[in-house]
Amino acid sequence: MRPSGTRASAALLTCVLLAACSQWRYDLGAPLGDITLPSPKTPLAEALQLLGPPLLVSATDSGFVLAWEHWRIRENSVGFRLGALGADFLSADWGDMRIKGEFLLLTFNRDHLLTSATRSDWDNHGGGGKAIQPLFGFVSVVDVEDLTEAMPQHRWGSSLLQRLPGTLNTNSNPDTGKSGLQQRGTPTAAGQQSLGMD
Amino acid sequence: MKLSAGLSALAISASLLAGCAQFESKRGVEVNWQSSVTGQLVSGQSTRRDVLALLGPPSQVIALDGESALYYLFEHSEGEGVILILYNRMQIDTRYDRAIFFFNEDDVLTEYATHLYPADEA
């Protein structure tokens, strides 16, 4: 093979083997904007007119709770792979994630009057990591799956058709709308979810 | 000369391997809560039967200590990106069309709200 052909082949191979910078951007929902929080005792109808339908709903002992959320997730990663056919001789990865979000929570009593309203806005570093892994890549340095999953309402029907231990536990599941609600990314090993039966 | 040939080969290889991606994902119930439909509902008069007849089965039924709520959700994600080998970028936007209806102990509609993105209005 001619030297120029060898060089071109090497360049082509380099491009294939060196996966470089990747950026993922997620935008979930619509920004809440500069809304003014409804004052206490605001009727439910007024709150719905102001904010539209909530994204999350749940019954509580004293009434019910509604929540609106908006998430922006930025995932950046840089990786190098030296290998072929799925087996990496060596991979080096760096990843970083940034999370920006808004969450609005309103609680209502049984008379459909607002009892409390709270809002939080955040712009945080959501994690990341570095890894040098020989032969196989076992570790993902950035994980956003729990933040980008589908809304729990889609799982409501199937949650009632699980195997018996799971179905018996359904009413305690925060996804059902009967036992409170939780934000995306809430750790599952603590709180109510730790009582879940598989 | 050899260096420029190598760089050219690299540039050509990268351009040949460049790509783009576009995808969408839809989950949830069929959107039937256009304003022309929900305009037929009247708080204090319409019943749960009326809502179910107009909109069909909901995504979720929520029991609220004697009262109840029907929640309808349609989740639509659209993603697009460029794959340039040395730099790849994906943008995924997810929007939620939704409607919620509250009923009292007698199954009469008390409050409701709907939200629909213009693209799903048709």
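This briefing describes a predicted model containing chains A and B. Local features are reported only at pLDDT of at least 70 and side-chain atom pairs only at pLDDT 80 or more, whereas totals for chains, interfaces and linings use all residues. Residues are numbered from 1 along each chain as its sequence is written, and chains are lettered from A and ligands numbered from 1 in the order in which they are written. The contact between the chains draws 39 residues from chain B and 37 residues from chain A.

**Confidence**

- Chain A has a mean pLDDT of 83, and 83% of its residues reach 70 or more; pLDDT is the predictor's confidence in each residue, from 0 to 100.
- Helices (H or I, at least four residues) and strands (E, at least two) are DSSP runs, numbered from the N terminus.

**Contact between chains A and B**

- Two residues are in contact if their C-beta atoms, placed from the backbone, lie within 7 Å. On this basis, 39 residues of chain B and 37 residues of chain A form the contact.
- On the side of chain B that touches chain A, at least two residues come from each of α1 (2-16), β1 (19-28), β2 (60-64), β3 (67-83), β4 (87-103) and β5 (109-115) of chain B.
- β4(B) supplies the largest share of that side, 13 residues.
- By class, that side of chain B has 20 nonpolar, eleven polar and eight charged residues. Ala, Val, Leu, Ile, Met, Phe, Trp, Tyr, Cys and Pro count as nonpolar, Asp, Glu, Lys and Arg as charged, and the others, Gly among them, as polar.
- Strand β1 (residues 21-28) of chain A pairs with β4(B) in the parallel sense over eight bridges, where pairing requires that DSSP finds at least two bridges between two strands.
- Trp24(A) has Met90(B) as its bridge partner in β4(B).

**Nonpolar cores**

- A nonpolar core is a set of buried Ala, Val, Leu, Ile, Met, Phe, Trp, Tyr and Cys residues joined through C-beta atoms within 7 Å. A residue is buried if 20 or more other C-beta atoms lie within 10 Å of its own, exposed if 12 or fewer, and partly exposed in between, with C-beta atoms placed from the backbone.
- The largest nonpolar core has 39 residues, of which Val57(A), Ala69(B), Tyr71(B), Tyr72(B), Ile100(B) and Phe101(B) touch the most other members.
- Not counting residues up to four places away in sequence, Phe101(B) touches Val51(B), Ala69(B), Leu70(B), Leu109(B) and Tyr112(B).
- Another core, of seven residues, lies apart from the largest one and includes Leu28(A), Trp71(A), Met97(A) and Ile99(A).

**Leu106(A)**

- Leu106(A) is located in strand β4 (residues 87-109) of chain A and is buried because 23 other C-beta atoms lie within 10 Å.
- Leaving aside neighbours within four places in sequence, Leu106(A) is in contact with Pro38(A), Ala47(A), Leu66(A), Leu114(A) and Ala117(A).
- The C-alpha atoms of Leu106(A) and Ala67(A) are separated by 6.3 Å, although these residues are 39 residues apart along the chain.

**Positive phi in residues other than glycine**

- His112(A), in the loop between β4 and β5 (114-134) of chain A, has a positive phi near 65°. His112(A) counts as buried because it has 20 C-beta neighbours inside 10 Å.
- Asp65(B), in the loop between β2 and β3 of chain B, has a positive phi of about 50°. Asp65(B) counts as partly exposed because it has 14 C-beta neighbours inside 10 Å.
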